[in-house]
Amino acid sequence: MTGLSWNLVDDVRQMLAFHFMLNALRAGTIVAVVAGAVGYFMVLRRQAFAGHTLAVIGFPGAAGATWLGISPVFGYFGFCIAGALVIAALPSGGRPNAGLGGYGEESAVIGTVQAFALACGFLFVSLYKGFLSGLNNLLFGTIIGVSDNQVLTLLIAGVICLAMLAALARPLLFSSIDPAVARARGVPVRLVAAAFLVLLGVAAAGTSQVTGSLLVFALLVAPAATAARLTARPALGLSLSVLIALAVTWVGETIAFFSPYPIGFWVSSLAFAAFLLATTYRAAADRIGRRQPRGSTSPTDAGITATVGAA
Amino acid sequence: MTPPLAPPLSNLAGGRLLASDPITGISNMLGHPFIQHALLAGTAIALLSGLVGYFVVLRGQVFAGDALSHVAYAGALAALAAGVDLRFGLFAATIVVGLALGMLGGRGAADDVVIGTTFAWVLGLGVLFLALYTAHSSTSNGAANANVLFGSIFGISASDASTAAWIAAGLIAVVLLIARPLLFASLDSAVASARGVPVRLLGPLFLAVVGATAAEASQAVGALLLFGLLAAPAAAAQRLTDRPWTGLALSAALAVAAMWGGLALAYAAPKLPASFAIMTLATAEFAHAALASIGLRRRVRRHDQHGTPLAGDPRPTATAAELAPRA
């Protein structure tokens, strides 16, 4: 349908002439901002496993909605938010974060929920015949399926999500870094944790619509992890995470438009490349830093301590 | 190898299980070759998953297990795209990534982010292979993809079933061989290391076994659902007992029960996919165990207040010292 020329301006104009591509870029932009911001806190709180599970829970929602003939958008958001509330209500067994991070014994419970959700999704898919190409789009994303209505829904959800995150940011940061001190200072740690899980659910549901349920991590965890390797200052890290997510989405969607390979591959590869670069940089910087023993703590600890002290 | 496809439903739908009495129904069911193959492969795979899953949960490597199950998908599709045997891709990918995770991560508490980022990329590679596969061959690619994701145990052939059973038997032998030092290392890594258990060797070896288990199980319930077979019976067993050996056996038994029940359920109700039925039963087992353990804990607490011991006390009995290798 299109070819790539050496004239970049022409290429971009050619791409934007397609309405579906415009919608994909709009949706991608909203999703990248939300995923970059929420993902940063997810990485800080070590709740990657919960994020993955919430993303996967969206799949049966979308498949069920398609089976019932309603828009998958409602399925994604409905199931992800409900899943977040269920996970928040699960007994934590004393160690509140272990289950959500995927390394405690409690995480087996979340894993069971996740596998069951996927199985339900498969049931809905097999009840709804002739759905196999749709299956791949739900799991791995597509750039041609975003409607005007969907962009509007995403925009509303994204604005609400960011507003809630802004209101929550300070207690959330505090209770992520030191829950015990935060509780002693009167921060409602459990409530903040539950509210954050709901935000994570909204972000995962929105991201699913661009990257598919299985590749949400490409935007939710990789940009945030990259940012966390580069800086320890929360404000800078947060902006960096959003910027990386935006860059990955825009470049990924553009390459996917001009190449025969799917968007999921490009977005996840770009995100992973960024993460590898940042990891290499951090390792090199640490090695150089270790060779000059100036007695200071690592930048990670120093930055976070400074910020929390200010809070 | 072309991937096994599920037999068309029209062949199976007429005159099946719902005979007048259950004995006839079950003997009818066992008369079908496809059920025999499914039972053979399924039992071996469930037994293996139950054993390995118990250690995965005990060692807190649930996220790594999840990641390996996604790696199985990418491996299978790479093999399909390259036109080689599906199982070759499955085992190569999962074992290599399992070893790599074991070398990099140790106990894995610090790097959920690394696991998450890596497996998102590996899944992205899987999508690329799917696109390549769809572009370069013409026969029922959608069905093959769905089979890799969600399994097709009723479509497994006689030779594939016996191969799967033999591989599972070999892996079970490996797990039982390393069970004792592994249990020791999982409960108290430092003491185990001091007592001469090769902890640094066991970690990667165990994750390689988890990878091979993922490759096995994905032939039965699919790359996306095998994680449930690892996590649910093990989590249920841990709710019911704190004795490690009882828990290990219980986890394997619960996995096999979910497999058998799921196969029978899917046979009786052709609308239900087999892997869905298996997952549902495994989840139900866990939910039941969780409720039962709440009741048990309450009773124990009440007895504790009166200072009388209770038969079937679920509190830990095996200590790390008990598990130490006998000199």
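This is a predicted model: local features need pLDDT of at least 70, side-chain atom pairs count only at pLDDT 80 or more; totals for chains, interfaces and linings use all residues.
In chain B, 77% of the contacts with a separation of 6 or more join residues 24 or more positions apart.

**View 1. Chain B is built from 14 helices and 0 strands.** Follow the chain from the N terminus and the elements read α-α-α-α-α-α-α-α-α-α-α-α-α-α. Chain B has 327 residues, of which 53% count as buried.

**View 2. B:Ala44 sits in helix 3 of chain B, which covers residues 33-58.** Is this alanine buried or exposed? B:Ala44 has 24 C-beta neighbours inside 10 Å, and it therefore counts as buried; the cut-off for that label is 20 or more.

**View 3. Chain B meets chain A through 41 residues of its own and 44 residues of chain A.** On the chain B side, the elements that give two or more residues are helix 4 (62-82), helix 6 (112-136), helix 7 (141-150), helix 11 (226-240) and helix 13 (274-306). Which of the elements gives the most to this side? That is helix 6 of chain B, with 13 residues.

**View 4. Helix 6 of chain A (residues 107-127) crosses helix 11 of chain B at roughly 135°.** A pair of packed helices is described by the angle between their axes and by the distance between those axes. Here the axes come within 8 Å. With angles over 145 degrees counted as roughly antiparallel and 65 to 115 as roughly perpendicular, helix 6 of chain A and helix 11 of chain B are therefore oblique to each other. The crossing of helix 6 of chain A with helix 11 of chain B is left-handed.

**View 5. A closer look shows the residues that helix 6 of chain A and helix 11 of chain B bring together.** From helix 6 of chain A come A:Ala108, A:Val109, A:Gly111, A:Thr112, A:Gln114, A:Ala115, A:Phe116 and A:Ala119. Helix 11 of chain B meets them with B:Phe227, B:Gly228, B:Ala231, B:Ala232, B:Ala234 and B:Ala235. This helix-to-helix contact divides into 10 nonpolar and 4 polar residues, with no charged ones.

Definitions and conventions:
Residues are numbered from 1 along each chain as its sequence is written. Chains are lettered from A and ligands numbered from 1 in the order in which they are written. Two residues are in contact if their C-beta atoms, placed from the backbone, lie within 7 Å. Helices (H or I, at least four residues) and strands (E, at least two) are DSSP runs, numbered from the N terminus. A residue is buried if 20 or more other C-beta atoms lie within 10 Å of its own, exposed if 12 or fewer, and partly exposed in between; C-beta atoms are placed from the backbone. Axes are lines fitted to C-alpha atoms, for helices over the stretch in contact, and angles run from 0 to 180 degrees between N-to-C directions. Angles under 35 degrees count as roughly parallel, over 145 as roughly antiparallel, 65 to 115 as roughly perpendicular and the rest as oblique. A crossing is left-handed if the near helix is turned anticlockwise from the far one by less than a right angle, and right-handed if clockwise. Ala, Val, Leu, Ile, Met, Phe, Trp, Tyr, Cys and Pro count as nonpolar, Asp, Glu, Lys and Arg as charged, and the others, Gly among them, as polar.
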